[in-house]
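Open the model in a viewer and keep the selection tool at hand. The stops below go from charged pairs to nonpolar cores.

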Amino acid sequence: MTSLHLLQATPHSLSSPPRSYPSPLNGLETCSTMAELKQYHSQLIRLGLSADNDAMGRVIKFCAVSKNGDLGYALQVFDTIPHPDAFIYNTIMRGYLQYQLPRNCIHLYSQMLQDPVEPNRFTFPAVIRACCNDNAIEEGKQVHAHVVKFGFEDGFSQNNLIYMYVNFQSLVKARRVFDKMHVRDVVSWTSLITGYSKWGFLDEAFEVFELMPERNSVSWNAMVAGYVQSNRFHEAFTLFDRMRTEKVVLDKFVLASMLSACTGLGALDQGKWIHGYIKRSGIELDSKLATTIIDMYCKCGSLEKAFEVFNGLLHKGISSWNCMIGGLAMHGMGEAAIQLFREMEKEKVAPDNITFVNVLSACAHSGLVEEGRYYFSYMVEFHGIEPTTEHFGCMVDLLGRAGMLEEASELISKMPMSPDVGVLGALLGACKIHKNFELGEQIGKRVIELEPKNSGRYVLLANLYANAGRWEDVAGVRKLMNDRGVKKVAGFSMIELEGVVNEFIAGGKGHPQAQDIYTKVDEMLQRIRCVGYVPDTDGALLHDLVEDEKENPLYYHSEKLAIGFGLLKTKPGETLLISKNLRVCKDCHLATKLISKVYDREIIVRDRNRFHHFKNGQCSCKDYW
């Protein structure tokens, strides 16, 4: 690590009487290329100004921080200056940051102290940012001491120190700097909010937000974004509603965050309102915002609207193509995803590794084995993209679901990297589907040790044992979960009606209309029994209960409650859109197919992995999920 000594020496005295400079120096202000710069530089040298800090400082400024500059040339000039001043050092530091060389910036600051040249208030923002970018925690603490020593504890430097400690996850120190500030501006308040949010302390962030004497759009955005990034979507919506009530200007940043919140909740109506607001307000639809809108429509179940936005883009970037291909994949439209990929290539847009993750995922969701094999090779041979664990995971999922467990296992053995839980989990799921208990047990134990806090891994292995009638092993898995304090994740489902997102948990009675909902669910189940519904208790992980008792929890799974509520509150023929945090179970999948037939409704369910479109007693996944 670089040692940043606190030096007592005074800086060189470099002041000189003002003078009138010749035209080469004045011409530097209008310089636009390195070729011009070098001409001016050579003239300055001939005029004897090669050691003049003002003249060379202007040369270095163009080279180090201009978009048409050359940092290497700036460093050559720097090395020829006998006594560079703080301005020159600061300029080179800024250049290092622009070229993403934070460690060089820290070293230069150390050299500056040793020369010795005293830093000024413009030195510390660059050095502090360099410490952040290089995760140089010890150096950052020393720089903080220097800020105090040299007397630059002004708002400018303190804001940067708060930013630094936030990045180091030293929130206590960030708060101490904040509390010592004589005058706190919006930047310091917002930095603290961002810091608390970034590391998951949302309640503390909101406390600071509420204490703010004055807020701007950035501080509102920081709080909303914090909620969204922590998946606290309901609180994000509450704050967003408050923004509208208080007539805060809604910029593209907060709107992008709220589109992500709509995606998380499956809130299509809210997403449509935000999209409409963007159009009405004339907000520029840049590539990032357009992709966020497309993603929202895809994940809220409206491929038609997603395509409308996608087709309306004058310039489609790679992220927009990837998002649309991924949306088709999620909806089980493998052939359409591949067709869109071919159109992308016709448009001369070069695919990246994400593109092929989406294409292979589309093949996996639709059972397109030959196509998946082809594109797995194609991306390497024609585009030079080496497969990552995500690509291998898609292929293992594809082969495993198709019953090709031996080929899937062989592919894992040939991976150039260690398989992660995603790859092994895909094979474990396939072993359960195809009842390969021996391989499934081996993989299941590996997966649990790789991800010991994920309850889903234990449940899958326990269900594998249950299907084999190995109840002692099921009990062993449950005991292991209890010993490790692992709790099974509760399933919940959401349905948006009239702009309000209603959430249901299995067996929950917290909804204001719970009694009516349960009555509707009972009626719904009675009607589908008449067309052949028999509860599927496979995988319920309740082996110690008798069969009749097993049925009851399945009756009131969260998606059944959401569907019941949807049937109560909508008109005949209207489509129901349900979002679920876990994969849909076999029983609910069967029941929803029959409900769609009996009630003549289209029901769209988004589970953790994909979309299921139920209509006329059939599902778009063709039971391939």
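Predicted model: local features only at pLDDT ≥ 70, side-chain atom pairs only at ≥ 80, totals over all residues.

Select Arg242 first: at 23% relative accessibility, Arg242 is partly exposed, a class that lies between buried (under 20% relative accessible area) and exposed (over 50%), computed with a 1.4 Å probe on protein chains only. A salt bridge here is a side-chain nitrogen of Lys or Arg within 4 Å of a carboxyl oxygen of Asp or Glu.

Residues are numbered from 1 along each chain as its sequence is written, and side-chain values use heavy atoms, without hydrogens or water.

Next, select helix H8, residues 137-149. Helices are DSSP runs (H or I, at least four residues), numbered from the N terminus. Lys141 and Glu138 both sit in H8, three residues apart, or about one turn of the helix. Their side chains meet in a salt bridge at 3.6 Å, N to O. Lys141 is partly exposed at 33%, and Glu138 is partly exposed at 38%.

Move to helix H29, residues 514-529, where Lys520 and Glu523 are three residues apart and therefore separated by about one helical turn. Is Lys520 buried or exposed? Lys520 is buried, with a relative accessible area of 15%, whereas Glu523 is partly exposed at 34%. Lys520 and Glu523 form a salt bridge with closest N and O atoms 3.3 Å apart. Across the whole structure, a search finds 27 salt bridges.

Now turn to the nonpolar cores. A nonpolar core is a set of buried Ala, Val, Leu, Ile, Met, Phe, Trp, Tyr and Cys residues joined through side-chain atoms within 4.5 Å. The largest one has 158 residues, and those with the most contacts inside it are Leu37, Ile60, Met93, Ile294 and Leu427. Helix H3 (residues 53-65) supplies the largest share of this core, eight residues.

Center on Ile294. Not counting residues up to four places away in sequence, Ile294 touches Ala306, Val309, Phe310, Leu313, Ser320, Cys323 and Met324, contact meaning heavy atoms within 4.5 Å. For the last stop, select Phe504, Tyr518, Ile563 and Ile595, which are among the 29 residues of a second, separate core.

Terms used:
Helix = DSSP H or I, 4+ residues; strand = E, 2+ residues; numbered from the N terminus.
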